[in-house]
Amino acid sequence: MSALEIRLRPVTEDDLAMFRRFATEPGLIGLDWTGFRDAQAPARRYASDGYLGEDEGRLIVEADGTAAGFVSWSARGFGVSRYWEIGRIHSGGRPARGGVPRRPVA
């Protein structure tokens with residue numbers, strides 16, 4: 001069995017489609033969904049600072065070259081979200097082995 005390669009990278013424009021889906025598709029991420037949000041907000045945020053702000057931001061987690069989720073940070077701490085199951089269903093990608101917790105990490 002080969003080792004799983006994990007890396008963090010900045011958000012790209014290709015990632016925005018999944019962020020838009022999180023904002024507009026009930027049940028897409030299960031019970032963590034917080035309701036309908038502005039579908040254009042991810043594009044505006046990306047245009048303003050690429051999700052790399054001083055007070056908050058996001059980095060994409062890649063597992064063996066496939067986007068597997070994202071890490072977010074703010075003045076309050078860090079959180080981890082996953083979306084590889086969603087990406088696998090809708091884009092043919094494969095899920096990462098192991099798992100990424102859904103709840104914020106303290």
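Are Arg9 and Glu62 buried or exposed? Arg9 is buried, and Glu62 is buried as well, where buried means under 20% relative accessible area, exposed over 50%, and partly exposed in between (1.4 Å probe, protein chains only).

Good morning, colleagues. The model is predicted: local features need pLDDT of at least 70, side-chain atom pairs count only at pLDDT 80 or more, and totals for chains, interfaces and linings use all residues. Residues are numbered from 1 along each chain as its sequence is written, and side-chain values use heavy atoms, with hydrogens and water left out.

Let us turn to the strands. Helices (H or I, at least four residues) and strands (E, at least two) are DSSP runs, numbered from the N terminus. Strand 2 (residues 56–63) pairs with strand 3 (residues 66–74) in the antiparallel sense, over 8 bridges; two strands pair if DSSP finds at least two bridges between them. Leu59 has Val71 in strand 3 as its bridge partner.

I now come to the charged residues. Side chains of opposite charge can pair when their charged atoms come close. A salt bridge here is a side-chain nitrogen of Lys or Arg within 4 Å of a carboxyl oxygen of Asp or Glu. The whole structure holds 7 salt bridges. In one of them, Arg7 meets Glu62 at 2.8 Å, N to O. This pair links distant parts of the chain, with Arg7 in strand 1 (residues 6–10) and Glu62 in strand 2, 55 residues apart. Arg7 is partly exposed, at 42% relative accessible area, whereas Glu62 is buried at 10%. Glu62 also forms a salt bridge with Arg9, the closest N and O atoms being 2.5 Å apart.
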